[in-house]
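These are my notebook entries on a single chain, kept in the order in which I looked things up.

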Amino acid sequence: MRLPAGADAVLMAEALDDASGHWWNAAGAPLPWLRTERVAADCDSPAADRLLQSALHAPMEARDGVLRATLLQYADGPADLVLVAHRAELDAVSLRSVADVLTGRAPYDRFGTDGAGRSVVADPDLVKRWREADYSGRAEWAVGDDAAGDRTGTVTVPLVGSPVDAPARVAVATGLVLGRYENQDSPVLGALTGIPARADDVLGSFDAGTLVALDLSGARSVAELVAETGRLLGGDGGWCDARQYAELTAEANGRLLVGLLDGGHEAPGAEGGYLACQTAPFPLTVVPSRTATGELRLDIHYRLKDIDEDSAKRFARHVGRAYTQLCAGDETQVPADIDLLDEDELRQMVALGRPGRSLDWQPERIDTVFAARAAERPDALALTCEGESLTYAEVDARAGLYAAALRAQGVQPGECVGVCLERSLDLVVTMLAVLKADAVYVPMDPAYPADRLAYTAEDAALRIVVTALDDFPGDAGQLRALRPEDLASYDGPDHGVPGPRRGPEDAAYIIYTSGSTGRPKGVVVPHRNVVALLSATQDDFGLGPDDTWTLFHSSAFDFSVWEIWGPLLTGARLVVVPYWVSRSPDEFRELLHRERVTVLNQTPSAFAQVMEADRHQDERLAVRLVIFGGEPLDVRALRSWLDRYPEDQCRLVNMFGITETTVHVTAQTVTHREVAAGSRSVGPALPGWYLYVLDERGRPTPCGVPGEIYVGGEGVALEYLGRPELTAQRFLPDPFTGGRMYRSGDRGRLLPDGRLEHLGRLDTQVKIRGFRIELDEIRNVLLDDPAVLAAAVVIGGDPAHDAAGVRIDAYVVLDGGDTADVRARAATVLPEYMLPTTVTALTALPLTANGKLDAKKLPAPAAPVPAAASARPSGSAPADTAVEGTLVAALAAIWESVLGLPVGPDDNFFALGGNSLHAMRVAAAMREQALPALPMRELYLNPTVNGLARVLDAGSGA
């Protein structure tokens, strides 16, 4: 406290000595004593301020005992009395009482002591827990520095307006900013103030605390929130005892972000000034105070190991802005009305999601660009598959022939043509042919259930589908199935195809993605988007004629768009990977080595198996670029690859993308630095693409603060086929720069350098092993079963630790029948990757008070039971040979280890929950145990232990 007229140091020291013996029972601890220092500078000089700050912030030492008292006497007459104590010993009111005694304002005997001779009553256990609380974790919106140790920083922001209820408004402003930063409707603050009802003649106590949980859902106005918070801070039933305080503050502090409020005190150096804390006791500590001139300010202390300086400054600025709006006097304001960003910062955030490089390109059709490459290098190899190859000229000629055949079948410009072929040369040629015929290709996977193929054909109004299936499902009167051989045998006049009538802005393909209504939806993508994607990446990735790519993924998965047109529009060679080779990591790795593949595109789940297969080989691959997509990437898993293939030899790029924004949106190169940091960055937007991260009202969130990802620019698709309402909901006008943007439903945040961190989904959509899945689609398929009265679908397992262990768990309430029948019926509609691994029967689904599914109360899923379990014989079928008998035992043990379930000799591997990643692990385990090599085709064709053992035994020649 400032003593304008100075102080008599001798009298003050005597008063402290007299009071110490009365107030404190020494019990071996040193009693307080007065340190005095004459300062050869005026009280308002920089030198005086440095000494004052040192006295205030120097840590307490053992020799200080209960209290450290310092008197600074300045050359111009005034003095500062500085009293420092642990909060466990003296609170704000106690310190003021001590100051009153030392300055002669009150006699020491006015204050009583407790039975132990102490004037300060505190709960030692509470204080111990408060000091040793575990503040583990880190805020998503901030960057921490583990090397910072206990170092702290402070940001001070002036607060405009000084109403009587300023502390309550500060608390609401702080909670509102935290709620926005962390996407919470009920942020929690631990509030710490003096007890207002405390009797003047009682010195003993400690600062009390309360938990302030703010309801930001919009049910209450900000005026009501301020009034309620004021009552809590004012002591109207809001205080708690020591035990409750310990529990409540532990709950608040465990979230890292805590508002430590001490309202209504002047700043240090003013008359009666009080400093709530010397350093930040929490990762974020908010202290409102008044300056010497009575103005309100906010001191925000932050721990550098948890919160960086820039994030702390943004937080302080936004709390100040929120506080100003709370003081505006608008009684109708609700929490969502508060804007955290001013106009300048809003413009900065809009610009942050735009790449630094512009896109220099010319919109063209895909087939036009391919024709240019074919004209440049007609004899260069374009396609390779299973020992057969085609040059660019041969692909162009064959596609032209197929296109002429399609036009002869009456295919019109803009008409949708189905392409349902296995990965092969004909698959790629047919897609190009459809484009040359000025039509739109609709890729379908032959492995899909008949119902799903039929639905796609009907929804896209297909009249013609090119397929090798003998019985493509659909209305035979409306749909004609053509084989590639039918197109190849066309011998019409001159094979000519009229020039395209449609331009680059018109549709090139339609890919169907999972839909929440129970049916997939078609995403319509124009030619120009694909050409823009290659223009945006070609220079950065160094894509060109010297590269060899692979087509690894299903044509119904949009990653294949990049895999097919990436090489063919840049003059490279494309190696088509047969389905069964793609299922076997060893065979696929051998293909990569044999074909000298340089550009590899993989989901993280699949690449993990490639890394494992490569680890056992001495010869290095020729891969120079690996593109990850389709699902979140845990970069830490790439450490061993980077050790084997250094960054200057093989570049790893993590890309975030959506079918509706043409495969890729961002690109992040992954180096040892990102691996060490466990980075979740997917990089900045590609040139020509741009990003927004917006809140529920469509406002840009502050830098580093999560929100929903919106994507604009060259990659935005045209529409959802035949879904105008859904198109209007997801493809929106860009309110900032014009044009269109896509509302992704993904959660993310923009970093200060413009990179995006992808933080998962906001809805029921998930990605499993690269496949995009709407859980509501699965649920609706289950509800279509007459035996199912109610259904819920959730994701089980931990994708961060084991991609193979991630599963789809379904819960059903049945009206007769059993779960095996439910799963069997779902398998006729859903593709294999969407089929629930488990189906558990319940008498009723657990619900919340609001009538919604309470997923936390769902029981553990029932173990998968093969559909044929009831018919399986109780004993194993006898082995035909000794070798086969040994294989049965070994295979059963391996399956049990991989699946974590008991396995019988006739149990179906996939019915037990096995998937492609599990199958790869089985193959690896068999290799390690020197068992016969496992061709993936045989496991899929013979998915029981007995059946597979017989095939392997016969193949071994035993």
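I take buried to mean under 20% relative accessible area, exposed to mean over 50%, and partly exposed to mean in between, with a 1.4 Å probe and protein chains only. By that rule Val794 counts as buried, because its relative accessibility is 18%.

Before going on I note that this is a predicted model, in which local features need pLDDT of at least 70 and side-chain atom pairs count only at pLDDT 80 or more, while totals for chains, interfaces and linings use all residues. Residues are numbered from 1 along each chain as its sequence is written, and side-chain values use heavy atoms, with hydrogens and water left out.

**Entry: the whole chain**

I looked up the secondary structure and found 28 helices and 35 strands in the protein chain; helices (H or I, at least four residues) and strands (E, at least two) are DSSP runs, numbered from the N terminus. Of the 958 residues, 56% count as buried. For contacts, meaning heavy atoms within 4.5 Å, I considered those between residues at least 6 apart in sequence, and 70% of them join residues at least 24 apart.

**Entry: Val794**

I placed Val794 in strand E33, which covers residues 788-796. Leaving aside neighbours within four places in sequence, I found Val794 in contact with Leu775, Arg807, Ile808, Asp809, Tyr811 and Leu858. I also looked up the pair Val794 and Val766, which are 28 residues apart in sequence and 9.9 Å apart in space, C-alpha to C-alpha.

**Entry: the nonpolar cores**

I use nonpolar core for a set of buried Ala, Val, Leu, Ile, Met, Phe, Trp, Tyr and Cys residues joined through side-chain atoms within 4.5 Å. Which residues touch the most other members of the largest nonpolar core? Of its 94 residues, I listed Leu383, Tyr441, Phe541, Trp562, Trp565, Leu568 and Trp689. Helix H12 (residues 425-436) gives the most to this core, with nine residues. Apart from it lies another core, of 43 residues, among them Leu189, Leu296, Leu304 and Val319. As background I note that in soluble globular proteins nonpolar side chains tend to be buried together.

**Entry: helix H15 and its partners**

I next looked at helix H15 (residues 527-541) against helix H16 (residues 559-568), which pack at an angle of about 70° with their axes 11 Å apart; axes are lines fitted to C-alpha atoms, for helices over the stretch in contact, and angles run from 0 to 180 degrees between N-to-C directions. That angle makes H15 roughly perpendicular to H16, since angles under 35 degrees count as roughly parallel, over 145 as roughly antiparallel, 65 to 115 as roughly perpendicular and the rest as oblique. In this pair, Val530, Leu533, Leu534, Thr537 and Phe541 in H15 meet Val561, Trp562, Trp565 and Gly566 in H16.

Helix H10 (residues 366-376) also packs with H15, at an angle of about 50° and with the axes 8 Å apart, and H10 and H15 are therefore oblique to each other. Here I found Ile366, Asp367 and Val369 in H10 meeting His527, Val530 and Val531 in H15.

Within H15 I then looked up Asn529. Is Asn529 buried or exposed? Asn529 is buried, because its relative accessible area is 1%. Its side chain makes a polar contact with the side chain of Thr662 at 3.0 Å; a polar contact is a pair of N or O atoms within 3.5 Å, where within protein one must be able to donate a hydrogen and the other to accept it, and residues adjacent in sequence count only if both atoms are side-chain atoms. Not counting residues up to four places away in sequence, Asn529 touches Thr662, Trp689, Glu714, Gly715, Val716 and Ala717.

**Entry: Thr229**

I found Thr229 in helix H6, residues 222-234, and it is buried, with a relative accessible area of 3%. The side chain of Thr229 reaches the backbone oxygen of Leu225 at 2.8 Å. Beyond four places in sequence, Thr229 touches Ala168, Ala171, Val172, Val212 and Leu214.

**Entry: Arg151**

Arg151 counts as partly exposed, because its relative accessibility is 48%. Arg151 and Arg303 are 152 residues apart in sequence, yet 6.2 Å apart in space, C-alpha to C-alpha. Not counting residues up to four places away in sequence, Arg151 touches Tyr302, Arg303 and Leu304.
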